[in-house]
Amino acid sequence: GGQAPEGQADVSLWGKAFVDEFDDRLTHTGPGVVAMANAGPTTNQRQFYITFATCSHLDRKHSVFGKVIRGMDQLKQHVERDLVLDPKHHRPKHARVVIASTTILENPVQKAFEMEQE
């Protein structure tokens, strides 16, 4: 996520924008949802966001691809301590959060599939 380093193009790993991949089982429900940020249909590049509340108005506009399972408390502390919020849009005015590493603990698509089978 985030913008490309200075001097580098703000493009995806594939070198260009890529299409949305919507799955109706994956929604913006609750805090910790990880989804692609975009500027409209099929404009995904390298930015993503993490929700702090349910944002159902974003469903089928932004592709959900993960969920924060651990570390949400630390992220909330960082936001509360270091970021200036824009009350009109209810999001950070200026945010630079660097995620140094991630670990895939669960496959959200597999989990959604299993829930659908129940």
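Where is the place of T102?

Analyst: T102 lies in the loop between β5 (91-92) and α2 (108-117). A quick note on the ground rules comes next. This is a predicted model, in which local features need pLDDT of at least 70 and side-chain atom pairs count only at pLDDT 80 or more, while totals for chains, interfaces and linings use all residues. Residues are numbered from 1 along each chain as its sequence is written, and side-chain values use heavy atoms, with hydrogens and water left out.

Helices (H or I, at least four residues) and strands (E, at least two) are DSSP runs, numbered from the N terminus. The protein chain has two helices and five strands. Along the sequence, they come in the pattern β-β-β-α-β-β-α.

Back to T102. T102 has a relative accessibility of 66%, so this residue counts as exposed. The scale is simple: buried means under 20% relative accessible area, exposed means over 50%, and partly exposed lies in between (1.4 Å probe, protein chains only). Of the 118 residues of the protein chain, 23% are buried. V68 is 34 residues away in sequence, but the two C-alpha atoms are 9.8 Å apart in space.

Now the sheet. Three strands build an open sheet in the order β2-β1-β3, with antiparallel pairing. Two strands pair if DSSP finds at least two bridges between them. β2 and β3 are the edge strands, and each pairs on one side only. Neighbouring strands of this sheet are turned against each other by 25 degrees on average, direction ignored. Such angles run from 0 to 180 degrees between N-to-C directions, and the axes are lines fitted to C-alpha atoms, for helices over the stretch in contact.

Look at one pairing in detail. Strand β1 (residues 33-36) joins β3 through three bridges, in the antiparallel sense. V33 has K67 in β3 as its bridge partner.

T42 is in the loop between β1 and β2. The phi of T42 is near 55 degrees, a positive value in a residue other than glycine. T42 is partly exposed, at 40% relative accessibility. R60 is in the loop between β2 and β3. Phi of R60 is near 65 degrees, again positive in a residue other than glycine.

A pair of aromatic rings is described by the distance of the centres and the angle of the planes. Rings of Phe, Tyr and Trp (its six-membered ring) pair if their centres lie within 6.5 Å; planes under 30 degrees apart count as stacked, over 60 as edge-to-face and the rest as tilted. By this rule there is one aromatic pair. The ring centres of F48 and F65 are 6.4 Å apart and the planes stand at 85 degrees, so the pair is edge-to-face. F48 belongs to strand β2 (residues 48-50) and F65 to strand β3 (residues 64-67), 17 residues apart, and the pair links distant parts of the chain. F48 is partly exposed, with a relative accessible area of 28%. F65 is partly exposed too, at 42%.

E21 sits in the segment before β1. E21 and F65 are 44 residues apart in sequence, and their C-alpha atoms are 8.8 Å apart. E21 is exposed, at a relative accessible area of 61%.
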